[in-house]
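My entries follow in the order in which I looked.

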Amino acid sequence: MSSSNFVEVTSPAHFQEVLSKDLNRVSVINFWAPWAEPCKQMNEVVVELAKKYPAALFLQEFLSALAQVEAEEQADISESFEIEAVPAFVILRGHTLLDRISGADASALTQSVAKHATTPAYNPLSRTDNAPAKAPTTVPSGLSYSDKSETTEELNQRLRGLMTQSQVVLFMKGSPEAPRCGFSRKISALLKDNNIQFAHFDILSDESVRQGLKVLNNWPTFPQLIVNGELVGGLDIVQEMVETGELKEIIA
Ligand SMILES: N[C@@H](CCC(=O)N[C@@H](CS)C(=O)NCC(=O)O)C(=O)O
């Protein structure tokens, strides 16, 4: 049995080359990192899907870059698909985006692959009617704002409540046990290593909190560490404050 539909991506050039070989072929890109526990389970799902759909291509994109501290070292491929946490999946036909799935949602991935890998490619040459050609489906990027009808004032009040739920609160992607971004993984390990007790909030679970905190704290990224209700900073600042002993001072 051939397993040539299961491919480890080695570079952006390799990725482009593989996709360009057959523009009608459906590809499933698995963005994963070894330190993110949910990826292990999803990798197994991907192996099974690759067996079930031999005509589709399953590309494995190992995101060591998301685990690194320097944002500029982020891999080009994950950046171009705006991958902000692992695991994440992108489904393409040729270079056309068909769907994206964020998180360890095995059933959403299975359903999406079943839908796209078995739908024949749209081929304008075989059309027999005069209906206008349909554009490929655009899929929500997963970045949509929460549909809660909350005023800015109410949101800020909720954010202040979350920021003061404990002396030290970490707003992060995922949880300390299952971080979904390298920066969040590093900061929670740093706090644990320094025996700092902290509460955490997964900003990927609430888009209003995610966007609202950026504005309220005037800080564009996560993680955000809050001490005594005030923003201290992200990973770089906290790392520095641990080294100088300053963090322990403000917590004591
Ligand atoms: N140098 C930053 C790195 C953090 C960072 O770049 N975070 C990005 C990627 S996880 C982020 O939160 N982007 C905004 C977002 O995802 O909403 C730090 O010290 O914390």
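I began with P87, which sits in the loop between α3 (76–80) and β4 (88–93); helices here are DSSP runs of H or I of at least four residues and strands are runs of E of at least two, numbered from the N terminus. Before going on I noted that this is a predicted model, in which local features need pLDDT of at least 70 and side-chain atom pairs count only at pLDDT 80 or more, while totals for chains, interfaces and linings use all residues. I also noted that residues are numbered from 1 along each chain as its sequence is written, and that side-chain values use heavy atoms, with hydrogens and water left out.

I then checked the bond between V86 and P87 and found a cis peptide, with omega about -5°. In the loop between α3 and β4 I also looked up E82, a residue other than glycine whose phi is positive, near 55°. E82 counts as partly exposed because its relative accessibility is 48%, the class between buried (under 20% relative accessible area) and exposed (over 50%), with a 1.4 Å probe and protein chains only.

A cis peptide bond also joins F222 and P223, with omega about 10°, and P223 is in the loop between α7 and β8 (224–227). For N228, in the loop between β8 and β9 (230–233), I read a positive phi near 50°, again in a residue other than glycine.

Which residues are around the ligand? I listed K173, C181, F183, R210, K214, P220, T221, F222, P223, G234, L235 and D236, where a residue counts if one of its heavy atoms lies within 4 Å. By class, this shell has six nonpolar, two polar and four charged residues.

I next looked up polar contacts, which are pairs of N or O atoms within 3.5 Å. A polar side-chain atom of R210 lies 2.8 Å from a ligand oxygen atom, a backbone N or O atom of F222 lies 2.7 Å from a ligand oxygen atom, and a polar backbone atom of L235 is 2.9 Å from a ligand oxygen atom. The protein covers 81% of the 500 Å² of accessible area that the ligand has on its own, by the Shrake-Rupley method with a 1.4 Å probe. The elements that give two or more residues to the shell are α7 (207–216) and α8.

I finished with Q239 in helix α8 (residues 235–244), which is partly exposed because its relative accessibility is 26%. The C-alpha atoms of Q239 and L191 are separated by 9.4 Å, although the two are 48 residues apart along the chain.

Technical notes: Polar contact = N/O pair within 3.5 Å; in protein donor to acceptor, adjacent residues only side chain to side chain. Nonpolar A, V, L, I, M, F, W, Y, C, P; charged D, E, K, R; others polar.
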